[in-house]
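Please view the sequence and the model together while reading.

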Amino acid sequence: MVVSAVLVREDQDFSQGIQFEAEKELQIFNGSNPGTWTLFTNGSSNVKGAGLGIVLVPPTGETIRQAIKCHSITNNEAEYEAVIAVLELARELGIEHVVIKSDSQLVVNQMQGTYTTREARMQQYLEKARDLVRQFQTWKDMQIPREENAEADALANLAYAAEVTNEENHP
């Protein structure tokens, strides 16, 4: 999956400002930008299906957004799926320092060890998320109010509300 690609050809009359911006974008999307990235996550499920919303914000402020439609799962499973998806994407981008922000009290508290998991399926999600965060040099998990997570929430809702129209999904 390609998030962004930039081709640069150096000519004598090539604007140094444009070259700087292109190099900065390459650093951002290659994860070579030192600093902490903020990862917003939200998972949502209803009768229409389930959707995940993830937003990655690098130290420079540009934003990567993704809406993911997935099979029918519970709300809590969708919340974990969103955390796992954003962590996997962050690793693919070479990001080393992250702050994960979610409005899911359950997921945040389970990841921090404040809450225990009772169900085997939720324990599997928790173990997968913990395995992923250990791959980062630094990480922090924070619960935020729902209104501060509006962008990830909108993406999650968009994911399951959007109808897929490509031919392979038609009978």
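Helices H3 and H4 pack at an angle of about 65°, their axes lying 10 Å apart; axes are lines fitted to C-alpha atoms, for helices over the stretch in contact, and angles run from 0 to 180 degrees between N-to-C directions. H3 passes H4 in a right-handed crossing, the term for a near helix turned clockwise from the far one by less than a right angle, anticlockwise being left-handed. From H3, Leu106, Gln110 and Met111 make the contact, and from H4, Met122, Leu126, Ala129, Arg130 and Val133, where contact means heavy atoms within 4.5 Å. By class, this contact of H3 with H4 has six nonpolar, one polar and one charged residues. Here Ala, Val, Leu, Ile, Met, Phe, Trp, Tyr, Cys and Pro count as nonpolar, Asp, Glu, Lys and Arg as charged, and the others, Gly among them, as polar.

The model is predicted: local features need pLDDT of at least 70 and side-chain atom pairs count only at pLDDT 80 or more, whereas totals for chains, interfaces and linings use all residues. Residues are numbered from 1 along each chain as its sequence is written, and side-chain values use heavy atoms, with hydrogens and water left out.

Helix H2 also packs against H3, at an angle of about 60° and with the axes 9 Å apart. The two helices are therefore oblique to each other, a class for angles that are not under 35 degrees (roughly parallel), over 145 (roughly antiparallel) or 65 to 115 (roughly perpendicular). The crossing of H2 and H3 is right-handed. In H2, Asn76, Glu79, Tyr80 and Val83 meet Leu106, Val107, Gln110 and Met111 in H3; these residues divide into five nonpolar, two polar and one charged.

How do H2 and H4 cross? Their axes come within 10 Å and cross at roughly 20°, which makes H2 roughly parallel to H4. H2 passes H4 in a left-handed crossing. The residues of this contact divide into 10 nonpolar, one polar and five charged.

The largest pocket has a volume of about 190 Å³. A pocket is an open set of points on a 1 Å grid over the protein atoms alone, where a 1.4 Å probe fits, with protein on both sides within 12 Å along at least five of seven lines; lining residues have an atom within 4 Å of a point. H2 (75-92) and H3 (105-112) each supply at least two lining residues. The lining includes Asn76, Leu106, Gln110 and Met122, and divides into two nonpolar, five polar and three charged residues.

Methods: Grid points are joined across faces, edges and corners, and a volume is the space filled by probe spheres set on the points. Helices (H or I, at least four residues) and strands (E, at least two) are DSSP runs, numbered from the N terminus.
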